[in-house]
Amino acid sequence: LEQASNSLYDYKPWGNFEILSRGKNFQVKKIQVYPNCKLSLQSHQYRSEHWVIVEGKAKVTLGKQTIYLLQNESIFINAGIKHRLENVTKNILTIIEVQTGSYLGEDDIVRFEDDYKR
């Protein structure tokens with residue numbers, strides 16, 4: 001029933017994500033970012049995120065730092081920290097995102113910059 005009212009696959013202007021698993025205090029997503037696209041610069045109040053790069057090269061903004069990650073590398077983003085995922089290559093970027101926290105809703109996003117005017 002959850003699938004019918006709350007699709008496990010979602011298309012975004014920058015790519016797509018698929019929810020692979022979810023439980024009381026966690027959610028696991030496969031995220032694909034199209035070439036030369038980026039997500040909004042954002043933070044979350046209630047959740048932390050752990051990103052593992054499975055395909056491609058990621059440009060990650062974490063606070064005031066810029067970090068480049070390759071396949072099989074990962075990064076942890078604490079709740080409240082400004083962050084952004086970006087694909088600056090010509091190939092699709094695929095990551096696995098593990099969210100943990102007391103609330104995992106899509107509305108727990110504060111956007112600071114967004115190319116798509118959301």
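This report walks through the overall fold and then a handful of individual residues.

## Ground rules

What you have here is a predicted model, where local features need pLDDT of at least 70 and side-chain atom pairs count only at pLDDT 80 or more, while totals for chains, interfaces and linings use all residues. Numbering starts from 1 along each chain as its sequence is written, and side-chain values use heavy atoms, with hydrogens and water left out.

## The overall picture

The protein has 1 helix and 12 strands, counted as DSSP runs (H or I, at least four residues, for helices; E, at least two, for strands) and numbered from the N terminus. Reading from the N terminus, the order is α-β-β-β-β-β-β-β-β-β-β-β-β.

As for size, the C-alpha trace spans about 40 × 30 × 25 Å along its principal axes. Of the 118 residues, 39% count as buried, where buried means under 20% relative accessible area, exposed over 50%, and partly exposed in between (1.4 Å probe, protein chains only).

## Contacts, surface and charge

Contact here means heavy atoms within 4.5 Å. Among contacts between residues at least 6 apart in sequence, 66% join residues at least 24 apart.

The accessible surface comes to about 6900 Å², and 50% of that belongs to carbon and sulfur atoms; areas come from the Shrake-Rupley method with a 1.4 Å probe, and for residues only the protein chains shown count as cover. On the charge side, there are 16 positive and 14 negative side chains, with the centres of the two sets 4 Å apart. Lys and Arg are the positives, Asp and Glu the negatives, and His and the chain ends are not counted; each charge is placed at NZ of Lys, CZ of Arg, CG of Asp or CD of Glu.

## Two buried polar residues

Histidine 83 sits in strand 10 (residues 83-87) and counts as buried at 2% relative accessibility. Its side chain makes a polar contact of 3.3 Å with that of glutamate 49. Such a contact is a pair of N or O atoms within 3.5 Å; within protein, one must be able to donate a hydrogen and the other to accept it, and residues adjacent in sequence count only if both atoms are side-chain atoms. Leaving out residues up to four places away in sequence, histidine 83 also touches Ser40, His44, Trp51 and Ile77, among others.

Glutamate 97, in strand 11 (residues 93-101), is buried too, with a relative accessible area of 5%. A polar contact of 2.7 Å links its side chain to that of glutamine 99. Lysine 29 is 68 residues away along the chain, yet the two C-alpha atoms are separated by 5.1 Å. Beyond four places in sequence, the residues glutamate 97 touches include Lys29, Glu49 and Trp51.

Leucine 20 belongs to strand 2 (residues 15-22) and is partly exposed, at 46% relative accessibility. Past its neighbours within four places, leucine 20 contacts Val28, Lys29, Lys30 and Ile96. Leucine 8 lies 12 residues away in sequence and 7.6 Å away in space, C-alpha to C-alpha.

Asparagine 72 has a positive phi, near 75 degrees. This residue is in the loop between strand 8 (65-69) and strand 9 (74-77), and is exposed at 69% relative accessibility. Lysine 117 has a positive phi as well, near 60 degrees; lysine 117 lies in the segment after strand 12 (110-113) and is exposed at 74%.
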